[in-house]
Amino acid sequence: MHRAAEDRDLADEPADGGPRTGGTCPFCRIVRGLDPAEVLRDWPDALAILPRGGGVTAGHVLVLPKTHVPDVAADPQVSAATMRRVAELAAEVGDCNVITSRGAAATQTVAHMHLHLVPRRPGDGILLPWTPVAGGSRRPGPDRPSWSARPAGR
C-alpha cells in the first residue's frame, strides 16, 4: 500500500456536494492501495498508471500526484513535481501530447490533478478536444478573461 498521501487526503466527501476528495477520490484510493491499478512507475511523489479501458492510444499513461490536489491550479508545487515525472516519461516516448484539465467545462471528470501522456503517431486519428467551433472566437470576451502582465511568482 502506498503511504505517501497524508491522512487529510482521505477526508469524507463534502456534505455540500462539492468535489470528491480523498475518501472517495478514485486516484487517492489507488495511491493508498485500496483500489487496483496497473502501476507502470512508482516515484516517491507520483504514480504512472494505465487508464482503465486502455486509453486512447497504445502507451497512454496517467500520471497523478500521491498528494490529493483537486486540479493543476490548486498547488503549483505539486503540479510542477508531477509535470517533472511526466517529462521523464515523455523523454522515453517521443512524440506525444501532455494534457491536463481543470474543471468540468475543460473536461475534468476526476477531481484529483492528473496528467495524460498520449503517445502520437502520424495518422493515429486522435482529435484533440479543443478544435474551435465554427463561428467561435479565440479573442477574450465577456466570458473569457484576458491575460494581464504581472511579475512572475505573484
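How much accessible surface does the protein chain have, and what share of that surface belongs to carbon and sulfur atoms? The total comes to about 9900 Å², with 54% of that belonging to carbon and sulfur. Keep in mind that you're looking at a predicted model.

Switch to a cartoon view of the whole chain. You'll find two helices and five strands, and following the sequence along gives the pattern α-β-β-β-α-β-β. The chain has 154 residues, and 31% of them count as buried. Now for contacts: take those between residues at least 6 apart in sequence, and 52% of them join residues at least 24 apart.

Next, select Gln 108. This residue sits in the loop between strand S4 (96–99) and strand S5 (115–119). Is Gln 108 buried or exposed? Its relative accessibility is 14%, so it counts as buried, the cut-off being under 20%. Show the side chain and look for two backbone oxygens: the side chain of Gln 108 reaches the one of Pro 70 at 2.7 Å and the one of Val 110 at 2.9 Å. Leaving aside residues up to four places away in sequence, Gln 108 touches Pro 70, Asp 71, Ser 101, Arg 102 and Gly 103.

For the last stop, pick Ala 37, in the loop between helix H1 (26–31) and strand S1 (39–42). At 34% relative accessibility, Ala 37 is partly exposed. Again setting aside residues up to four places away in sequence, Ala 37 touches Ile 30 and Ile 49.

Key
Residues are numbered from 1 along each chain as its sequence is written. This is a predicted model: local features need pLDDT of at least 70, side-chain atom pairs count only at pLDDT 80 or more; totals for chains, interfaces and linings use all residues. Side-chain values use heavy atoms; hydrogens and water are left out. Helices (H or I, at least four residues) and strands (E, at least two) are DSSP runs, numbered from the N terminus. Buried means under 20% relative accessible area, exposed over 50%, partly exposed in between (1.4 Å probe, protein chains only). A polar contact is a pair of N or O atoms within 3.5 Å; within protein, one must be able to donate a hydrogen and the other to accept it, and residues adjacent in sequence count only if both atoms are side-chain atoms. Contact means heavy atoms within 4.5 Å. Accessible areas come from the Shrake-Rupley method with a 1.4 Å probe; for residues, only the protein chains shown count as cover.
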